[in-house]
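The following note sets out comments on the model under review.

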Amino acid sequence: MYADGLYRFVLKNMRDEDDAHDVVQDTFEKVWVKVDTIAYEKAKSYMFTTAYHTMLEKIRRNRSTNLDEADLSTQTHSGQYTGANEALSDALQRLPDMQRSVLMLRDYEGYDYAAIGEITGLSESQVKVYIFRARVFLKEYLVSIDNVL
């Protein structure tokens with residue numbers, strides 16, 4: 001019931017399909033272990049919170065192991081316009097992790113500020129500030145013709 005939403009959220013943050021599948025699978029495993037202690041009405045929020053924290057753990061592990069293995073000579077860019085969706089995805093990836101996460105939860109998954117606060121461990125006012133700052137950045141970034149083309 002929630003797997004697609006969890007997967008979309010994690011994939012937009014991690015941009016790696018295999019890692020996103022792993023995080024969703026780990027999330028469901030963690031939920032299954034605690035299924036007796038989770039109230040039905042809190043299940044969705046619990047799953048997104050668990051997926052968020054599992055995703056952060058995986059990102060931290062990947063960053064520490066991938067720093068030594070990076071081969072920058074293979075990184076290329078075509079310089080051609082490939083669509084608004086790619087420009088938006090690129091802009092989202094330039095956001096700090098927390099801003100990207102709260103923006104994704106709000107705009108892609110439709111959570112309210114209080115629920116996002118529960119998932120991320122932030123106060124409702126912090127969530128609003130992060131979302132505001134993310135939207136301002138995206139607006140400024142996407143208005144620049146150099147960033148879109």
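What percentage of the 149 residues of the chain count as buried?

1. Burial and surface. The model is a predicted one, and 36% of the 149 residues of its chain count as buried. The chain exposes about 9,700 Å², of which carbon and sulfur atoms supply 51%.

2. Architecture. The chain contains 8 helices and 0 strands. Among contacts between residues at least 6 apart in sequence, 65% join residues at least 24 apart.

3. Confidence. The mean pLDDT of the chain is 81, and 83% of the residues score at least 70. Among the elements, α7 has the highest mean pLDDT (91), whereas helix α8 (residues 145–148) has the lowest (58). Over residues 70–77 the pLDDT stays under 50, and the model has 0 contacts beyond four places in sequence for this stretch.

4. Helix α7. At 1.5 Å a residue, the 20 residues of α7 (residues 124–143) should span 28 Å, and the 29 Å between the end C-alpha atoms agrees with this. Its buried residues are Val127, Ile131, Ala134, Leu138 and Tyr141. They cover an arc of only 100° around the axis and therefore lie on the same side of α7. The face turned away from that buried side carries the exposed residues Phe132, Lys139, Glu140 and Val143.

5. Phe137 and Tyr141 form a stacked aromatic pair, with 5.6 Å centre to centre and 25° between the planes. The two residues are 4 apart in helix α7, which means that about one helical turn separates them. Phe137 is partly exposed, at a relative accessible area of 27%, whereas Tyr141 counts as buried at 9%.

6. Helix α5. The 12 residues of α5 (residues 97–108) should span 16 Å at 1.5 Å a residue; the end C-alpha atoms are 15 Å apart, in agreement. Buried residues of α5 include Arg100, Val102, Leu103 and Met104. Gly110, which follows α5, has a positive phi near 80°.

7. The whole structure holds 3 aromatic pairs. In one of them, the ring centres of Phe48 and Tyr111 are 5.0 Å apart and the planes stand at 70°, so the pair is edge-to-face. Phe48 lies in helix α3 (residues 43–69) and Tyr111 in the loop between α5 and α6 (113–120), so the pair ties together parts that are 63 residues apart in sequence. Both Phe48 and Tyr111 are buried. Together with Phe9, Phe48 and Tyr111 form one aromatic cluster.

Methods: Residues numbered from 1 in each chain as written. Predicted model: local features only at pLDDT ≥ 70, side-chain atom pairs only at ≥ 80, totals over all residues. Heavy atoms only, no water. Expected span 1.5 Å × (residues − 1). Buried < 20%, exposed > 50% of the residue type's maximum accessible area, 1.4 Å probe, protein only. Arc of directions from axis to C-beta. Contact = heavy atoms within 4.5 Å. Areas by Shrake-Rupley, 256 points an atom, 1.4 Å probe, with all protein chains shown as cover. pLDDT = per-residue confidence, 0-100. Phe/Tyr/Trp six-rings, centres within 6.5 Å; stacked < 30°, edge-to-face > 60°.
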